[in-house]
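Let's read a fold together, one feature at a time. Have the viewer open and follow along.

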Amino acid sequence: MVYDVTSQASFENVRDWKREIENNADRDVIVYLVGNMADLEDDREVSTDMGIELMKDMELDNHIETSAMTGMNIGHLFETLTKHLYLENSGQLNEFREDQ
C-alpha cells in the first residue's frame with residue numbers, strides 16, 4: 001500500500017485500504033507500507049516514525065519510504081519484496097516450473 005508522506009489524509013486511508021485487502025485477497029498476502037514522495041521533506045506531513053508505528057500496529061510486513069521522482073529506495077523496495085516473495089514461496093518453486 002502506498003501513501004503520500006506529504007498528505008496526512010492519504011496516510012489515514014491506509015486502514016481502509018488494508019480492510020479492502022483483507023476482504024479481497026488471500027490471507028497470506030504480503031503487504032508492505034510504502035511512504036512515497038519522501039524527497040519532499042519540507043512538505044512532509046507524515047513522519048517516518050508514524051509510518052513504522054502504523055506498520056507495527058497493523059502487523060504489515062515492512063515499511064519503506066521512497067521517491068518515484070528521484071528513484072530513492074525504489075530498487076531497494078523491489079529487491080526486498082522479491083527476496084520476501086522468494087523466501088515465502090521457495091518450497092513451491094517446483095510447482096511454478098511444472099506449469100511452464
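Q: Where is glutamate 45 found?

A: Glutamate 45 is in the loop between E2 and H3. Helices (H or I, at least four residues) and strands (E, at least two) are DSSP runs, numbered from the N terminus. Keep in mind that this is a predicted model, where local features need pLDDT of at least 70 and side-chain atom pairs count only at pLDDT 80 or more, while totals for chains, interfaces and linings use all residues. Residues are numbered from 1 along each chain as its sequence is written, and side-chain values use heavy atoms, with hydrogens and water left out.

Q: How do I read burial, and is serine 7 buried or exposed?

A: Buried means under 20% relative accessible area, exposed over 50%, and partly exposed in between (1.4 Å probe, protein chains only). Serine 7 has a relative accessible area of 18%, so it is buried. Glutamate 45, at 45%, is partly exposed.

Q: Which residues does glutamate 45 touch?

A: Contact means heavy atoms within 4.5 Å. Not counting residues up to four places away in sequence, glutamate 45 touches Val5, Thr6, Ser7, Gln8 and Met50. Serine 7 itself sits in the loop between strand E1 (2-4) and helix H1 (8-12), and with neighbours within four places set aside it is in contact with Glu45 and Val46.

Q: What does the side chain of serine 7 reach?

A: The backbone nitrogen of serine 10, at 3.0 Å. A polar contact is a pair of N or O atoms within 3.5 Å; within protein, one must be able to donate a hydrogen and the other to accept it, and residues adjacent in sequence count only if both atoms are side-chain atoms.

Q: What is the order of the strands in the sheet?

A: Two strands pair if DSSP finds at least two bridges between them. Here an open sheet of 3 strands runs E1-E2-E3, with parallel pairing. E1 and E3 are at the edges with a single partner strand each, so one side of each has no neighbour in the sheet. Strand E2 (residues 32-36) and E3 pair over 4 bridges, and glycine 35 stands opposite glutamate 65 in E3.

Q: Which residues lie on each side of E3?

A: In a regular strand the side chains alternate between the two faces of the sheet. On E3 (residues 62-65), Asn62 and Ile64 are on one side, His63 and Glu65 on the other, and all are buried.
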